[in-house]
Amino acid sequence: MKHLSKLPNIETTIFTVMSGLANKHEAINLSQGFPNFKSDQKLIDLVSKAMNSGYNQYALMPGNMELREAIAKKFDLLYGSSYHPESEITITAGATQAIYDVITAFVRADDEVIIFKPAYDCYEPSIQINGGKPVSIQLKAPNYQVDWEEMKQKISSKTKMIIINTPHNPSGTIFSEADMLKLQEITKNTNIIVLSDEVYEHIVFDGEKHQSACLFPDLKSRSFITASFGKTFHNTGWKTGYCCAPKELMEEFRKIHQFNVFSVNHPVQKGLADYMQDPNTYLGLSEFFQEKRDLFLSLIIDSRFKFKPSQGTYFQVLDYSKITQEYDVDYAKRLTIENGLASIPLSVFNDNQLDNKVLRFCFAKTDDTLKKAGDILNEI
Ligand code: PMP
Ligand code: GLN
């Protein structure tokens with residue numbers, strides 16, 4: 001049978017490739033972003049309890065109401081921002097599904113969507129499958145700052161959406177308040193929708209504050225915020241997340257959501273709802289991961305890798321240009337096979353595979369794993 005691929009240029013994701021290689025070669029896996037420690041036993045018990053007490057049939061289409069209420073409370077507590085649980089919050093199968101459905105609900109053939117490179121890998125194919133056109137802006141290493149004048153130039157009558165991601169995967173940078181104000185100013189009086197991917201909202205370092213789109217009223221009025229419980233509560237395999245948006249936007253989102261997935265894992269939602277009653281479950285995350293970042297960086301301070309400490313996320317990028325000029329994908333594979341340490345090459349997220357000789361390492365790992373990884377990096 002012959003058929004034309006709808007996504008001819010898309011290959012298996014780098015996360016699957018590198019984790020596969022790490023497993024094959026029994027390498028320490030700092031590539032794909034997931035913790036190698038258990039999530040809180042209390043949360044696991046609450047999900048088991050939910051299963052045992054009958055939360056085993058379909059949840060409501062937009063999600064378990066107690067969980068939506070807990071999310072609304074969190075927005076109020078952290079940002080003084082209100083989202084109505086009934087009409088403005090939807091629980092999704094991870095942030096990936098939320099992102100896909102936001103794009104599918106609004107992007108039509110030939111619409112343009114502005115993305116910043118390096119960009120998380122699910123944005124572009126989700127735009128393309130809907131006939132949209134990704135318009136990318138390449139951020140420059142090592143600071144990955146947005147030039148808002150350049151971004152203004154990229155806006156056209158066809159611009160439907162802008163996707164931002166702070167804290168940023170893979171670079172570990174964050175948007176400042178000034179960045180968000182610029183974005184708000186540029187989009188004011190337009191019909192542009194903003195997709196603000198905030199999956200690492202609880203992982204921001206050095207006393208900085210997460211600049212959520214909901215903190216900026218005009219921005220909030222045009223934004224979807226997408227979030228991931230997997231990233232927040234150390235259980236990426238549960239694939240549960242959510243998104244928030246003003247009612248009129250959320251209505252369109254739910255038209256897609258209900259036929260894409262309808263509703264998501266009910267006992268996990270109930271367990272999360274009970275767990276989130278205590279805000280300390282997410283308030284201590286920045287401190288927890290900052291210790292991991294600092295441990296990792298202290299271990300490799302004398303190595304030949306160059307770095308700027310990550311400002312957020314649980315990723316640290318390392319520049320290896322003093323060591324070799326190899327293409328980053330080749331070097332990441334060689335490090336995995338020959339040195340037993342897997343990472344993610346950044347070029348795969350860049351325009352035209354721009355190679356700045358930078359690899360991304362995930363430090364959501366036990367201290368023991370980080371020490372072993374540090375030993376390897378020091379020997380290189
Ligand atoms: N956006 C970014 C920036 C991510 O790093 C990830 C991976 N967690 C996602 C979206 C997808 O999140 P999820 O695993 O909840 O689908
Ligand atoms: N978000 C994870 C990362 O950046 C990977 C998720 C995935 O494997 N699709 O590593």
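Colleague: How many residue pairs are in polar contact across the interface of domain 1 and domain 2?

Modeller: This is a predicted model, and across that interface the rule finds 19 residue pairs in polar contact, both residues at pLDDT 80 or more.

Colleague: And how many salt bridges there?

Modeller: The rule finds 2 salt bridges across the interface of domain 1 and domain 2.

Colleague: Which elements supply the domain 1 side?

Modeller: Helix H12 (280-283), helix H13 (285-299), strand E9 (315-319) and strand E12 (358-362) each supply at least two residues of the side that touches domain 2. H13 gives the most, with 6 residues.

Colleague: What kinds of residue are on that side, nonpolar, polar or charged?

Modeller: The side of domain 1 that touches domain 2 divides into 17 nonpolar, 11 polar and 4 charged residues.

Colleague: Back up a bit. Where are the domains in the chain?

Modeller: The domain assignment gives domain 1 as 14-39 + 281-379, and domain 2 as 57-278. Taken over C-alpha atoms, their centres are 25 Å apart. The contact takes 32 residues from domain 1 and 37 residues from domain 2.

Colleague: What area is buried between them?

Modeller: About 3200 Å² is buried between domain 1 and domain 2, and carbon and sulfur atoms give 57% of that. In domain 1, Thr-281, Tyr-282 and Gln-311 lose the most area to domain 2, together 24% of what that side buries.

Colleague: Switching to ligands. Which residues come nearest to ligand 1?

Modeller: There are 13 residues around ligand 1, and Thr-96, Asp-197, Tyr-200, Lys-231 and Lys-239 come nearest.

Colleague: What are the distances for Thr-96, Asp-197 and Lys-239?

Modeller: A polar side-chain atom of Thr-96 is 2.5 Å from an oxygen atom of ligand 1. For Asp-197, an N or O atom in the side chain lies 2.6 Å from a nitrogen atom of ligand 1. The side chain of Lys-239 has an N or O atom 2.7 Å from an oxygen atom of ligand 1.

Colleague: OK, which residues are around ligand 2?

Modeller: Phe-15, Gln-32, Gly-33, Tyr-120, Asn-169, Tyr-200, Lys-231, Phe-315 and Arg-360.

Colleague: Which atoms of ligand 2 do Tyr-120, Asn-169 and Arg-360 face, nitrogen or oxygen?

Modeller: For Tyr-120, a side-chain N or O atom is 3.2 Å from a nitrogen atom of ligand 2. Asn-169 has a side-chain N or O atom 2.8 Å from an oxygen atom of ligand 2. Arg-360 places a polar side-chain atom 2.7 Å from an oxygen atom of ligand 2.

Colleague: I was looking at Asp-319. Where does Asp-319 lie?

Modeller: Asp-319 lies in strand E9. The side chains of Asp-319 and Ser-321 are joined by a polar contact of 2.6 Å. Leaving aside neighbours within four places in sequence, Asp-319 is in contact with Arg-304, Phe-305, Lys-306, Asn-356, Lys-357 and Val-358.

Colleague: What about phi at Glu-26?

Modeller: Glu-26 is not a glycine, but has a positive phi of about 50°. Glu-26 is in the loop between helix H1 (14-24) and strand E1 (28-29).

Colleague: Why bring these up?

Modeller: Because most residues other than glycine have a negative phi, and most peptide bonds are trans.

Conventions: Residues numbered from 1 in each chain as written. Chains lettered and ligands numbered in written order. Predicted model: local features only at pLDDT ≥ 70, side-chain atom pairs only at ≥ 80, totals over all residues. Heavy atoms only, no water. Domains from an automatic or database assignment. Contact = heavy atoms within 4.5 Å. Buried area = accessible area lost by both parts, 1.4 Å probe. Salt bridge = Lys/Arg side-chain N within 4 Å of Asp/Glu carboxyl O. Polar contact = N/O pair within 3.5 Å; in protein donor to acceptor, adjacent residues only side chain to side chain. Helix = DSSP H or I, 4+ residues; strand = E, 2+ residues; numbered from the N terminus. Nonpolar A, V, L, I, M, F, W, Y, C, P; charged D, E, K, R; others polar. Near = heavy atom within 4 Å.
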